[in-house]
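Colleague: I am new to this structure. Could you take me through it, one question at a time?

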Amino acid sequence: MDQVVAPLVAVEWEDITAYSRTALPEDFEPYRLRKLTCGLLWKETPEYVVIVGDYDITNEGRDYRHNDFHIIPRGVIRQLTHLRETASPLGALQQVEAS
């Protein structure tokens, strides 16, 4: 069976919040948008991580097996949790248990 060479991870990160009026009203309550992105940890750099949400197991030998990329700057990451380490058989990804 094919092997995935990237760990399966969950990334908790903070997104931007936008307010589209010209001035903030006095009763404005700022809030933070927290996100959770799960997938294959495809690339890590000092500036960002790349998470792949889809991996197409039917396109063996082609360059477009992975898609749905999330490029997350390290400055917004609150927690990165490894769910499964490298080189897992693809069928085993279906058996990931919640911790």
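**Contacts and strands**

Modeller: Let us start with one residue and its surroundings. Leaving aside residues up to four places away in sequence, Glu 14 touches Arg 32, Leu 33, Arg 34, Val 76 and Arg 78. Keep in mind that this is a predicted model.

Colleague: In which strand is Glu 14 found?

Modeller: Take the strand's range. Strand E2 covers residues 8-15. Glu 14 is found in E2.

Colleague: Is Glu 14 buried or exposed?

Modeller: Buried means under 20% relative accessible area. Glu 14 has a relative accessible area of 13%, so Glu 14 is buried.

Colleague: Which side chains make polar contacts with the side chain of Glu 14?

Modeller: There are two arginines to name here. A polar contact of 3.1 Å joins the side chains of Glu 14 and Arg 78. At 2.9 Å, the side chain of Glu 14 also makes a polar contact with that of Arg 32.

Colleague: How many residues of E2 are buried?

Modeller: Strand E2 has eight residues and is mostly covered. The number of buried residues in E2 is six.

Colleague: How many bridges join E2 to strand E6?

Modeller: E6 spans residues 77-84, and the two strands run antiparallel. Glu 12 stands opposite Gln 79 in E6. The bridges that join E2 to E6 number six.

Colleague: And over how many bridges do E2 and E3 pair?

Modeller: This pairing also has the antiparallel sense. In E3, the bridge partner of Asp 15 is Leu 33. Leu 33 is also among the residues that Glu 14 touches. E2 and E3 pair over eight bridges.

Colleague: How many residues lie between E3 and E4 in their hairpin?

Modeller: E3 runs over residues 33-44 and E4 over residues 48-55. They pair in the antiparallel sense over four bridges. Glu 44 stands opposite Val 49 in E4. The hairpin of E3 and E4 has, between the strands, three residues.

Colleague: What is the relative accessibility of Thr 45?

Modeller: Thr 45 is in the loop between E3 and E4. A polar atom of the Thr 45 side chain lies 3.1 Å from the backbone nitrogen of Glu 47. Buried means under 20%. Thr 45 counts as buried, because its relative accessibility is 15%.

Colleague: Why does Thr 37 count as buried?

Modeller: Thr 37 has its place in strand E3. The cut-off for buried is under 20%. Thr 37 counts as buried because its relative accessibility is 9%.

Colleague: Which side chain is joined to that of Thr 37 by a polar contact of 2.9 Å?

Modeller: Look at what Thr 37 touches, not counting residues up to four places away in sequence: Val 9, Ala 10, Val 11, Trp 13, Ile 51, His 70 and Ile 72. Within that list, the polar contact of 2.9 Å is with the side chain of Trp 13.

Colleague: How far apart in space are Thr 37 and Ala 10, C-alpha to C-alpha?

Modeller: In sequence, 27 residues set them apart.

Colleague: Which residues make the nonpolar surface patch?

Modeller: Start with Phe 69, which lies in strand E5, residues 66-73. Phe 69 is partly exposed, because its relative accessible area is 42%. The patch is about 320 Å². It is made by Trp 42, Phe 69 and Ile 71.

Note on methods: Residues are numbered from 1 along each chain as its sequence is written. This is a predicted model: local features need pLDDT of at least 70, side-chain atom pairs count only at pLDDT 80 or more; totals for chains, interfaces and linings use all residues. Side-chain values use heavy atoms; hydrogens and water are left out. Two strands pair if DSSP finds at least two bridges between them. Buried means under 20% relative accessible area, exposed over 50%, partly exposed in between (1.4 Å probe, protein chains only). Contact means heavy atoms within 4.5 Å. A polar contact is a pair of N or O atoms within 3.5 Å; within protein, one must be able to donate a hydrogen and the other to accept it, and residues adjacent in sequence count only if both atoms are side-chain atoms. Patches are made of residues with over 30% relative accessible area and no salt bridge: like charges are joined within 9 Å, nonpolar side chains (Val, Leu, Ile, Met, Phe, Trp, Tyr) within 5 Å. Accessible areas come from the Shrake-Rupley method with a 1.4 Å probe; for residues, only the protein chains shown count as cover. A salt bridge is a side-chain nitrogen of Lys or Arg within 4 Å of a carboxyl oxygen of Asp or Glu.
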